[in-house]
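Please go through the model below with this report beside it. The report takes up sheets, helices and a few single residues in turn.

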Amino acid sequence: MSHILAVKVAQTETLLLSDGSSIETAIRKKAVDSVRVHPLGAEGNDVGDKKHHGGADKALFFMAQKSLEKLTALLGLDYDYLRDSRFGENFVVSESDENSVCIGDQYRIGSALVEVCQPRKPCNTLSKNTEVPETRKIVVETGLVGWYVRVLENGVISQGDKFELIKRPYPEMTVAVLHGLLSQPAKTLDKTVLDNAIACPPLAEGYKKTLYKQAEKLAQKSSESAFFNTPEF
């Protein structure tokens with residue numbers, strides 16, 4: 001069974017970069033033993049870009065241990081991902097990953113109940129934070145994106161808690177499948193899979209908006225992806 005290996009939170013700070021620029025961000029989260037969670041997130045945690053982050057459908061962000069290990073190796077990053085964050089994750093999970101976690105999954109973690117509602121849509125803050133220019137590109141191409149959950153029942157989540165699957169209504173809708181619907185050229189997509197994703201009730205409405213754009217591009221047989229043409233990216 002999967003377990004929570006790390007719990008992390010942070011407040012927004014001004015992060016000074018080596019090129020002299022700065023960003024306001026809470027992406028560099030620090031490990032804590034436990035955290036109380038509620039529908040709008042975790043106590044003691046914040047987001048820098050409130051236009052595109054935070055809210056009920058991005059209450060908490062999870063990343064797989066396996067994905068973090070792959071990303072840190074690919075990007076040549078040297079830090080302890082169980083203590084610090086370069087990708088903004090609130091929780092690090094053992095065993096489970098983007099290929100095994102599905103949209104609509106409900107997990108009991110400690111005394112909280114959460115529901116998986118969307119993959120992350122990687123933004124340029126990732127590249128700024130790591131100071132490795134190709135970070136966002138690598139995250140998108142590898143699909144090592146992590147996933148957001150909404151909080152169905154308030155509670156406390158602690159390091160070592162079980163990541164216990166309670167319900168899986170959409171086993172075909174893995175995080176990896178959903179990410180693929182945005183990261184691939186529209187004309188290569190399976191229309192049935194795309195239509196089923198758009199009709200999937202637990203999938204966050206914000207994610208569906210980009211899928212609608214993909215459906216339009218698919219109808220046009222476009223080689224573009226709507227994910228790379230949205231204003232926030």
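## Strand E10 and its neighbours

Valine 114 sits opposite valine 151 in E11. The two strands, E10 (residues 112–119) and E11 (residues 147–153), run antiparallel and are joined by 6 bridges. Glutamine 118 faces tyrosine 148 in E11. Two strands count as paired if DSSP finds at least two bridges between them. Helices (H or I, at least four residues) and strands (E, at least two) are DSSP runs, numbered from the N terminus.

This is a predicted model, in which local features need pLDDT of at least 70, side-chain atom pairs count only at pLDDT 80 or more, and totals for chains, interfaces and linings use all residues. Residues are numbered from 1 along each chain as its sequence is written, and side-chain values use heavy atoms, with hydrogens and water left out.

How many residues of E10 are buried? The count is 8 of 8, so E10 is largely enclosed by the rest of the structure. Buried means under 20% relative accessible area, exposed means over 50%, and partly exposed lies in between (1.4 Å probe, protein chains only).

E9 also pairs with E10, antiparallel, through 4 bridges. Isoleucine 109 has alanine 112 in E10 as its bridge partner. E9 and E10 form a hairpin with 2 residues between the strands, and glycine 110 there takes a positive phi near 60°.

## The two open sheets

E10 belongs to an open sheet of 8 strands with mixed pairing. The order is E4-E1-E8-E7-E11-E10-E9-E13. Strand E4 (30–32) and strand E13 (164–167) are the edge strands, and each pairs on one side only. From one strand to the next, the twist averages 40°.

Another open sheet has 3 strands, in the order E6-E5-E12, with antiparallel pairing. Strand E6 (41–42) and strand E12 (155–158) are at its edges with a single partner strand each, so one side of each has no neighbour in the sheet. Strand E5 (residues 34–38) runs antiparallel to E12, with 4 bridges between them. Serine 34 is placed opposite serine 158 in E12.

## The E2–E3 hairpin

Strand E2 (residues 13–16) and E3 run antiparallel, joined by 4 bridges. Leucine 15 is opposite isoleucine 23 in E3. The hairpin has 5 residues between its strands, and glycine 20 in the turn has a positive phi of about 95°.

In a regular strand the side chains alternate between the two faces of the sheet. Which residues make up the covered face of strand E3 (residues 22–25)? Ile23 and Thr25 do, while Ser22 and Glu24 form the uncovered face.

## Helix packing

Two packed helices are described by the angle between their axes and the distance between the axes. Helix H4 (residues 175–183) packs against helix H5 (residues 191–198) at an angle of about 110°, with axes 11 Å apart. H4 is therefore roughly perpendicular to H5. Angles under 35 degrees count as roughly parallel, over 145 as roughly antiparallel, 65 to 115 as roughly perpendicular and the rest as oblique. Axes are lines fitted to C-alpha atoms, for helices over the stretch in contact, and angles run from 0 to 180 degrees between N-to-C directions.

From H4, Val177, Leu178 and Leu181 meet Val193, Leu194 and Ala197 of H5. By class, this contact has 6 nonpolar, no polar and no charged residues. Ala, Val, Leu, Ile, Met, Phe, Trp, Tyr, Cys and Pro count as nonpolar, Asp, Glu, Lys and Arg as charged, and the others, Gly among them, as polar.

H4 is mostly covered, with 7 of its 9 residues buried. The buried residues of H4 pack against E10, helix H3 (135–142), E11, H5 and H6. Contact means heavy atoms within 4.5 Å.

Helix H1 (residues 65–75) lies across strand E1 (4–9), strand E7 (60–64) and strand E8 (91–93). H1 runs at about 70° to E7.

## Single residues

Most residues other than glycine have a negative phi, and most peptide bonds are trans. Glutamate 95 is not a glycine, yet has a positive phi of about 65°. Glutamate 95 lies in the loop between E8 and strand E9 (106–109). Its relative accessibility is 49%, so glutamate 95 counts as partly exposed.

Lysine 221 also has a positive phi, near 55°. Lysine 221 is in the segment after helix H6 (205–219). With a relative accessible area of 65%, lysine 221 is exposed.

Aspartate 80 is in the loop between H1 and E8. Aspartate 80 counts as partly exposed because its relative accessibility is 39%. From aspartate 80 to cysteine 123 is 43 residues in sequence and 22 Å in space, C-alpha to C-alpha.
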